[in-house]
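This briefing goes through one protein model by topic. The sequence and coordinates come first, and the notes follow.

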Amino acid sequence: MKQSETDSNTPISEEANKAKQGPMTDTKSSNEAKGDEWPSSASDLKNVRSLTGNQTSEEEKNSEKKPAGESLLEKFFNDQLKDIYYAEQQLLKAIPKLEEAATTEELKEAFSDHLHQTQKHVKRLEKVFKLLGKKPEGKKCEAIEGLTKEAETIIKETKEGSMTRDAAIIIAAQKVEHYEIATYGGLVQLAITMELDEISDILDTTLMEEEDTDLQLTDIAEGFINIEAQDETNYSWLQEKGQEEFA
Ligand SMILES: [Fe+2]
C-alpha cells in the first residue's frame with residue numbers, strides 16, 4: 001500500500017507518533033488503538049520507517065545483509081538439513097524391515113525401490129552440505145524416531161502374511177513420506193528465498209521422488225490391498241448382525 005493510501009485524513013506527525021508506539025505501550029481506548037496496529041509485513045514496516053523518519057541507512061542495510069556470522073534463517077536451514085540427513089539415515093535402517101515384514105510382492109518391491117532412492121537422497125544431502133561448505137552432519141530427529149517406532153509397533157501388532165498388515169504398513173510409511181515431503185518442501189522454498197538455486201534444485205529432485213513414492217503407496221493400497229484386507233476376516237458388526245438375524 002502506498003503512503004497516500006494509508007489514511008489521508010491523519011496528519012503524518014500524528015500517524016508517526018502512533019507508529020512509534022508498540023502494542024505493549026498502548027493504553028488508549030480500543031477505538032483510538034485501531035490505528036496503532038503494529039506492522040505485520042515488510043511493506044508495513046517500510047511505511048512506518050518512512051513516517052517516523054526511521055529510514056534504514058545504506059550502512060545499516062548492508063550490515064543487515066552481511067552479518068558477521070550465520071544468519072538466523074541460515075542457521076535454521078542448516079539445522080533442518082541436519083534433521084533430514086539424520087532422518088534419511090534412520091530410514092536406510094527402517095525400510096528393509098518394512099520390506100521384510102510386507103506380505104505382497106508389490107509392496108516389497110516398492111520398499112526396495114524406495115531404499116535405493118533413499119541412498120540417493122543421502123548422497124544429495126551430502127552434496128548440499130558440500131555446496132554450503134559444511135561437513136555432512138545429522139541431528140537427532142525426534143519425529144522420525146517416533147514414526148519408525150510406530151511402524152515397528154504396527155508390524156508387531158498385525159498378523160504376519162496378512163493383507164491387513166500391508167494396509168497398515170502403507171499408512172505407517174506414508175506418515176514418514178509426509179514428514180519428508182513437508183521438510184523438503186519447506187527447504188526448497190527457503191533455498192529459493194535465499195537464492196541458493198543449485199541447492200533448491202537438488203532438494204526439489206528429492207521432493208519429487210518422495211511425492212511419487214507417496215502416490216505409489218496410495219495406488220498400491222487402493223488398487224487391491226485395502227479390498228483384500230477387507231475380505232480377509234469378517235467385520236465384528238457384521239458378525240453381530242448375523243447373530244441377530246440367526247436368533
Ligand atoms: Fe527420502
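**Briefing notes**

Isoleucine 199 counts as buried because 23 C-beta neighbours lie inside 10 Å, and the cut-off for buried is 20 or more. This residue lies in helix α10. The model is a predicted one. The protein has 11 helices and zero strands.

**Around isoleucine 199 and valine 188**

- Leaving out residues up to four places away in sequence, isoleucine 199 touches Val128, Leu131 and Ala191.
- Isoleucine 199 and valine 188 are 11 residues apart along the chain, and their C-alpha atoms are separated by 7.8 Å.
- Valine 188 belongs to helix α9.
- Valine 188 has 21 C-beta neighbours inside 10 Å and therefore counts as buried.
- The contacts of valine 188, not counting residues up to four places away in sequence, are Ser200, Leu203, Asp204 and Leu207.

**Overall make-up**

- Along the sequence the pattern reads α-α-α-α-α-α-α-α-α-α-α.
- Of the 247 residues in the protein, 24% count as buried.
- Taking contacts between residues at least 6 apart in sequence, 72% join residues at least 24 apart.

**Nonpolar core**

- The largest nonpolar core holds 39 residues, and those with the most contacts inside it are Leu81, Leu98, Leu107, Ile169, Ile170, Leu187 and Leu203.
- Two or more residues of this core come from each of α6 (72–101), α7 (105–131), α8 (142–157), α9 (163–193) and α10 (197–232).
- Helix α9 gives the largest share of this core, 11 residues.
- Isoleucine 169 is in contact with Leu98, Ala101, Ala102, Leu107, Ala151, Ile154 and Ile155, leaving aside neighbours within four places in sequence.
- As background, nonpolar side chains tend to be buried together in soluble globular proteins.

**Packing of α6 against α8**

- The axes of α6 and α8 come within 10 Å and cross at roughly 10°.
- That angle makes α6 roughly parallel to α8, because angles under 35 degrees count as roughly parallel.
- On the α6 side the contact is made by Ala87, Gln90, Ala94, Leu98 and Ala101, and on the α8 side by Ile144, Thr148, Ala151 and Ile155.
- By class, this contact of α6 with α8 has seven nonpolar residues, two polar residues and no charged residues.

**Packing of α8 against α9**

- Helices α8 and α9 pack at an angle of about 175°, and their axes are 9 Å apart.
- That makes α8 roughly antiparallel to α9, because the cut-off for roughly antiparallel is over 145 degrees.
- In α8 the residues Ala143, Ile144, Leu147, Glu150, Ala151, Ile154 and Ile155 meet Ala168, Ile169, Ala172, Lys175, Val176 and Tyr179 in α9.
- The contact of α8 with α9 has 11 nonpolar residues, no polar residues and two charged residues.

**Helix α7 and what follows**

- The 27 residues of α7 should span 39 Å at 1.5 Å a residue, and its end C-alpha atoms are 39 Å apart, which agrees.
- The buried residues of α7 are Leu107, Ala110, Phe111, His114, Thr118, His121, Leu125 and Val128.
- These buried residues of α7 are covered by elements including α6, α9 and α10.

**Loop positions**

- Lysine 140 sits in the loop between α7 and α8.
- With 11 other C-beta atoms within 10 Å, lysine 140 is exposed, because 12 or fewer is the cut-off for exposed.
- The C-alpha atoms of lysine 140 and tyrosine 86 are separated by 6.2 Å, although the two residues are 54 residues apart along the chain.
- Glutamate 195 is placed in the loop between α9 and α10.
- Glutamate 195 has 8 other C-beta atoms within 10 Å and is therefore exposed.
- The phi of glutamate 195 is near 60°, a positive value in a residue other than glycine.
- For reference, most residues other than glycine have a negative phi.

Methods
Residues are numbered from 1 along each chain as its sequence is written. This is a predicted model: local features need pLDDT of at least 70, side-chain atom pairs count only at pLDDT 80 or more; totals for chains, interfaces and linings use all residues. A nonpolar core is a set of buried Ala, Val, Leu, Ile, Met, Phe, Trp, Tyr and Cys residues joined through C-beta atoms within 7 Å. Helices (H or I, at least four residues) and strands (E, at least two) are DSSP runs, numbered from the N terminus. Two residues are in contact if their C-beta atoms, placed from the backbone, lie within 7 Å. Axes are lines fitted to C-alpha atoms, for helices over the stretch in contact, and angles run from 0 to 180 degrees between N-to-C directions. Angles under 35 degrees count as roughly parallel, over 145 as roughly antiparallel, 65 to 115 as roughly perpendicular and the rest as oblique. Ala, Val, Leu, Ile, Met, Phe, Trp, Tyr, Cys and Pro count as nonpolar, Asp, Glu, Lys and Arg as charged, and the others, Gly among them, as polar. The expected span of a helix is 1.5 Å times one less than its number of residues.
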